[in-house]
Amino acid sequence: MNFTTLLGENADNTSAKVGAFIGGVVEIPVADNFYVQPELVFALKGADLGPSNVSLVYVQIPLMAKYHITDEVAVELGPQVGFLLGDNWDEDLNGQDTNSTDLGINLGGGYRMDENFYFQLRLGFGLSKVLDFSGTHNGAVSVGAVYFL
């Protein structure tokens, strides 16, 4: 589950929209307690603009660096690139289309319950503008569960 919104100069009247994400991760050991975690994620994002919603559908590729502070608790940091698959923004009415690429950075942490289950909380900050004229960026708070095979 994720909670997303648009952040920036012209995002005063926006509020969070509930969305979802699903995907896969691979945890690659690099050194003691340090891992690289590439991911492939399908994500529903957007924002509530009052009378209407902006809905954005992305395929995202985060590349997270993960450090286990303890066997159970980890912190994560890494860049992400997202590719827009679709939206409900009407270019004809609004004069400009949404940008097709979304670069961002993620910060988060997680709790490993056992060898298979890992729960995470992540903050995502878009660095690319969703719409050039508005100066807005994607923002997300994601809560998820991972099952490692």
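Contact here means heavy atoms within 4.5 Å. By that criterion, and leaving aside residues up to four places away in sequence, Thr-4 touches Ser-15, Ala-16, Lys-17, Leu-44, Lys-45, Gly-46, Ala-47, Gly-139 and Ala-140. The model is predicted.

- Thr-4 belongs to strand 1, which spans residues 2-8.
- Buried means under 20% relative accessible area, and Thr-4 has a relative accessibility of 2%, so Thr-4 counts as buried.
- The backbone oxygen of Gly-46 lies 2.9 Å from the side chain of Thr-4.
- Ala-47, one of the residues that Thr-4 touches, is located in strand 5.
- Ala-47 is also buried, because its relative accessibility is 0%.
- Not counting residues up to four places away in sequence, the contacts of Ala-47 are Thr-4, Thr-5, Leu-6, Thr-14, Ser-15, Lys-17, Ser-52, Asn-53 and Val-54.
- Tyr-67 is 20 residues from Ala-47 in sequence, and the C-alpha to C-alpha distance between the two is 32 Å.

**Largest nonpolar core**

- Nine residues form the largest nonpolar core: Leu-6, Ala-47, Val-54, Leu-56, Tyr-58, Leu-84, Trp-89, Val-130 and Leu-131.
- At least two residues of this core come from strand 6 (53-68), and at least two from strand 9 (117-131).
- Strand 6 gives the largest share of the core, with three residues.
- In soluble globular proteins, nonpolar side chains tend to be buried together.
- Tyr-58, a member of the core, touches Val-41, Phe-42, Ala-43, Lys-45, Gly-82, Phe-83, Leu-84, Leu-85, Asp-102 and Asn-138, with residues up to four places away in sequence not counted.

**Aromatic pairs**

- There are two aromatic pairs in the structure.
- Phe-117 has a relative accessible area of 32% and is partly exposed; Tyr-147 has 48% and is partly exposed.
- Tyr-118 and Phe-148 form a tilted pair, because their planes are at 55° with the ring centres 6.4 Å apart.
- Tyr-118 is in strand 9 and Phe-148 is in the segment after strand 10, so this pair ties together parts 30 residues apart in sequence.
- Both Tyr-118 and Phe-148 are buried.

**Charges over rings**

- Lys-45 places its charged end over the ring of Tyr-58, at 5.5 Å from the ring centre.
- Lys-45 is also among the residues that Tyr-58 touches and among those that Thr-4 touches.
- The face of Tyr-118 has Lys-66 over it, 3.8 Å from the ring centre.

**Strand pairings and hairpins**

- Strand 8 (residues 101-112) runs antiparallel to strand 9, and nine bridges join the two.
- Phe-119 has Ala-145 as its bridge partner in strand 10.
- The hairpin of strand 9 and strand 10 has four residues between the strands, and Gly-135 in this hairpin has a positive phi near 70°.
- Three bridges join strand 4 (residues 28-31) to strand 5 (residues 34-48), and this pairing is antiparallel.
- Pro-29 has Tyr-35 in strand 5 as its bridge partner.
- Two residues lie between strand 4 and strand 5 in their hairpin, and Asn-33 is located in that loop.
- Asn-33 has a positive phi near 65° although the residue is not glycine.
- Most residues other than glycine have a negative phi.
- Asn-33 counts as partly exposed, because its relative accessible area is 34%.

How values were computed:
Residues are numbered from 1 along each chain as its sequence is written. This is a predicted model: local features need pLDDT of at least 70, side-chain atom pairs count only at pLDDT 80 or more; totals for chains, interfaces and linings use all residues. Side-chain values use heavy atoms; hydrogens and water are left out. A nonpolar core is a set of buried Ala, Val, Leu, Ile, Met, Phe, Trp, Tyr and Cys residues joined through side-chain atoms within 4.5 Å. Buried means under 20% relative accessible area, exposed over 50%, partly exposed in between (1.4 Å probe, protein chains only). Rings of Phe, Tyr and Trp (its six-membered ring) pair if their centres lie within 6.5 Å; planes under 30 degrees apart count as stacked, over 60 as edge-to-face and the rest as tilted. A charge sits over a ring if NZ of Lys or CZ of Arg is within 6 Å of the ring centre and within 35 degrees of the ring normal. Two strands pair if DSSP finds at least two bridges between them. A polar contact is a pair of N or O atoms within 3.5 Å; within protein, one must be able to donate a hydrogen and the other to accept it, and residues adjacent in sequence count only if both atoms are side-chain atoms.
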